[in-house]
Amino acid sequence: MSDFDTVLGLGDDVLIAAQRLAEWTSRAHDLEEDIALSNIALDLLGQARALLTHAGHLEGAGRDEDALAFLRDDRQFRNVLLVELPRGDFATTIVRLLFLSARLWERYTRLSQGEDATLAAIAAKAVKETAYHLDHAAQWTIRLGDGTEESHARAQRAVDEQWPYTFELTGESGRQAWLDRVVPVLDKATLTRPDPDPAFRPGGGRDGLHSEHLGYLLAEMQHLHRSHPGATW
Amino acid sequence: MSDFDTVLGLGDDVLIAAQRLAEWTSRAHDLEEDIALSNIALDLLGQARALLTHAGHLEGAGRDEDALAFLRDDRQFRNVLLVELPRGDFATTIVRLLFLSARLWERYTRLSQGEDATLAAIAAKAVKETAYHLDHAAQWTIRLGDGTEESHARAQRAVDEQWPYTFELTGESGRQAWLDRVVPVLDKATLTRPDPDPAFRPGGGRDGLHSEHLGYLLAEMQHLHRSHPGATW
Amino acid sequence: DAEESEFEAIIAADKKIEPRDAMPEAYRKTLIRQMAQHAHSEIIGMQPEGNWISRAPSLSRKAILLAKVQDEAGHGLYLYAAAETLGVDRDELYEQLLNGRQKYSSIFNYPTLTWADVGAIGWLVDGAAIVNQVPLCRCSYGPYARAMIRVCKEESFHQRQGFQSLYVLARGTAAQREMAQDAVNRWWYPSLAMFGPPDADSTHSQQSMEWKIKRYSNDELRQRFVDMTVQQAGVLGLELPDPELRWNAERGHYDYTQPDYDELMRVVKGDGPCNRQRMANRTAAVRDGEWVRKAAAAYARKQQEVAA
Amino acid sequence: DAEESEFEAIIAADKKIEPRDAMPEAYRKTLIRQMAQHAHSEIIGMQPEGNWISRAPSLSRKAILLAKVQDEAGHGLYLYAAAETLGVDRDELYEQLLNGRQKYSSIFNYPTLTWADVGAIGWLVDGAAIVNQVPLCRCSYGPYARAMIRVCKEESFHQRQGFQSLYVLARGTAAQREMAQDAVNRWWYPSLAMFGPPDADSTHSQQSMEWKIKRYSNDELRQRFVDMTVQQAGVLGLELPDPELRWNAERGHYDYTQPDYDELMRVVKGDGPCNRQRMANRTAAVRDGEWVRKAAAAYARKQQEVAA
């Protein structure tokens, strides 16, 4: 994979995650959590902007963050499938954030020590934000898992349904570090860790092979921008 | 109102109604009803295509059915609000179809006797289709209203929530004929007819003042078309 | 015994078994399984194409697609009705679909990612279905054979529409052409896999051939589909994504690369990209519709009571 | 009595009443009503703008809008906290919002139809809010005054962002310019109505002035807003939709057409275009979040038991 592909894939991960997370705005169970989720969405969106801008530079074809976000079709998006799945309930959102943040923390930590100085600076800022997101998601996972019978069932379902998508997220090489971070949280949350080696491991996002959900997300996200070709906002 | 506005408004009514109704495809409670709802959506879509094509001719600015359907913003759509409201449950859909078809039947009957020969031909075909839609909706309204406790409650809620939108649909002059058609069905369905003179009478659709729901519908409907400017499909 | 020999005589004479005729239990079971799977495929098959109804790029394409998906529901109806002549009822068959004991065609577990997929499904998937189904119009079980005649007529209409839709894309803008080629690339091998495992690994086949339910082997039908499709691809001006594809004058057929049968087995077992989504949607439709079915039943009961 | 005269002395001296101070029950009730209404307005006000987060036309605008809506939630928090110093709790106030006994600003019962509405809300609605709220920074009740200082600072930031967003549209394509003008046309009169009924019809006002909760009358504030906004409209290059709007040298103010107060009353009473939708969304959020709140409470209880 070229540097462009790597940065674009990461940028798309956080862009789509931000778009999904922002769907919670004005819908969370209390004001504090509404603010927390918006805040995380804002962090992810900020990361996406920096990464897509940088990807555009690496590509050298004159595409800026908006060209990349609003003028690609879904076959050209490079995010992992996990982030494009429907928002689901709060347990789904929290478990997804746990899974995603654990992976992002590893990636940003590594990138912050890399040779690409611009990327290292983006990652150094992002790693701090991600540590907070990871902590927030872990605390809530524990609360939901070890809360009521209903919240436990919802959290377990959220884990079971999204677990297969984490193989694409971590890759083979990132798996162990990710497990080391996630499994203790699941344990503490009294949640059962799913089959470590399932047959169902959906993927393809890095090659632009997405689920049917992404197209609808992009239609909503891009419609206005595409309705006014060339306009400045 | 010019002839263009009249035909455009009617065309938009049935286009948006068709788009909403088609959301049921593969989701109805049985195969027979899945087919019936698709069939009605197809009829409405066919009417929309004929009406928008005719509106384009009346306008004389070279806009065809697709230019009118896919390249207008929501402030330029002229449908009544009733048809753009979220699909809701089956009771909502059926009651909306009852309300809409009762009005369309009157309008098409009148237009089929009008001086515009093209429009009269469109209306003459549509009036037959509409008679079937009206009957289908009436039969189901009665079944739901006089079915179980749950279906009665859902049907009553569907009536109550959508009733305020029928004032825009019928206008002052079309009200009595519409009531004569709808009220006997509600009676037979053991449903209570809501306040005949409520303060809440949302409107504005004919002036392009819509609810917040239309924008999302159009984003989904238009995104692909707008993503390929000038393309032929 | 007498019943058995009468059944065998009808089969031997290439006549039709009708519901009132005696038939071996295994024949009946095989037919129910096959018709149910076929009916379920029509119903589940509404989802991948239905995915594009709201986003179709022109009103005429929207109407064509909506009508097509509606036809699939209609095919489901014919086929469930044909299966019901064997003494099962539709609700039982639904139940078996939902609990996973009966399958549907694996092809519908792939996602429709772009508009061109609708065209590719029409051309390739319906094309493969027709090759599979035309011989079924001569199937030994009368109601199934007659249902297939209606189905095939409509399917070939759909196949032409799919072809025509891709034809327009292939001659459209660069982006449209690319979209069309990409869709063909993705749907080609899954379409080949629709004919099932290679003959050597195919269970059920031999007995079905003897009963004249099946007329040709999986590999024969697959070859027929390849030969037919290569020609059409030429007309479309699109490539089939197989570098080994070439005319073999000796065989009088095109040589081609086999699809990945391990992938097929994974998808059949439930681990394709969209199995979970398709079943979740179907289950939700059944669950969300329960109150309506109950209301309709309650109303019908009341009407009967009034009439009595 | 002594308590009463101490309260009146503090008011007369333009000092602050603090939560520990004695205060007339009517003062307390008025403040709770006003602060709750203000807090509810922030929360409900998240919806019309939140409507465009997913569709914002650039990533920078998306970030600005998301941050703004988040700030509104923050304002809600400050204001509920300020109200809580008077011995009510947030859940009680939520309850009163949901059952309709407490109101929120009627402006949020209008739909955001286009992207330009986000700019118009920032410029006009936040602009009107600031004119209303700046005097509240000197309100006699300390916690409210201090909350308003923070709120006003952020609101004026939002107002500049809204102005800047409209400025770009007004200088953009013809369609963008039209969109901006249309939004201003629709939001102008509802913004004027935000200051409440004319002084002649205003209940509560006199007592609130005496208590130094309110510092200026509705009409004074409305005039201040008009005067300020006319200037800014000139900079934007957009028209305010009032043909009667003109400088009155004698009064030293702009003359303008009053908003439709009958419409205002209809919206206040619950019959605006979006009242039902806003309340339904809020109710759904509360209902859908119930299991989460219960889970958090159950977990906290378990932790306390472990600690004990």
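Select Arg20(A) and Glu23(A): they form a salt bridge, with the closest N and O atoms 2.7 Å apart. A salt bridge here is a side-chain nitrogen of Lys or Arg within 4 Å of a carboxyl oxygen of Asp or Glu. Arg20(A) counts as buried, at 12% relative accessibility (buried is under 20% relative accessible area, exposed over 50%, partly exposed in between, with a 1.4 Å probe and protein chains only).

This is a predicted model, in which local features need pLDDT of at least 70 and side-chain atom pairs count only at pLDDT 80 or more, while totals for chains, interfaces and linings use all residues. Residues are numbered from 1 along each chain as its sequence is written, chains are lettered from A and ligands numbered from 1 in the order in which they are written, and side-chain values use heavy atoms, without hydrogens and water.

Stay in chain A and select Asp197(A) with Arg201(A), a salt bridge whose closest N and O atoms are 2.2 Å apart. Asp197(A) is exposed at 55%, and Arg201(A) is partly exposed at 35%.

Next, go to chain B and pick Asp89(B) and Arg154(B), whose side chains meet in a salt bridge at 3.0 Å, N to O. Asp89(B) is in the loop between α3 (65–70) and α4 (90–111), and Arg154(B) is in helix α6 (residues 149–162), so the pair ties together parts 65 residues apart in sequence. Helices are DSSP runs of H or I, at least four residues, numbered from the N terminus.

Now show Arg75(A), Asp117(C), Asp182(C) and Arg186(C) together: a network of salt bridges links them.

Finish on helix α6 of chain C, residues 115–133. Of its 19 residues, 18 are buried.

Conventions. Helices (H or I, at least four residues) and strands (E, at least two) are DSSP runs, numbered from the N terminus. The expected span of a helix is 1.5 Å times one less than its number of residues.
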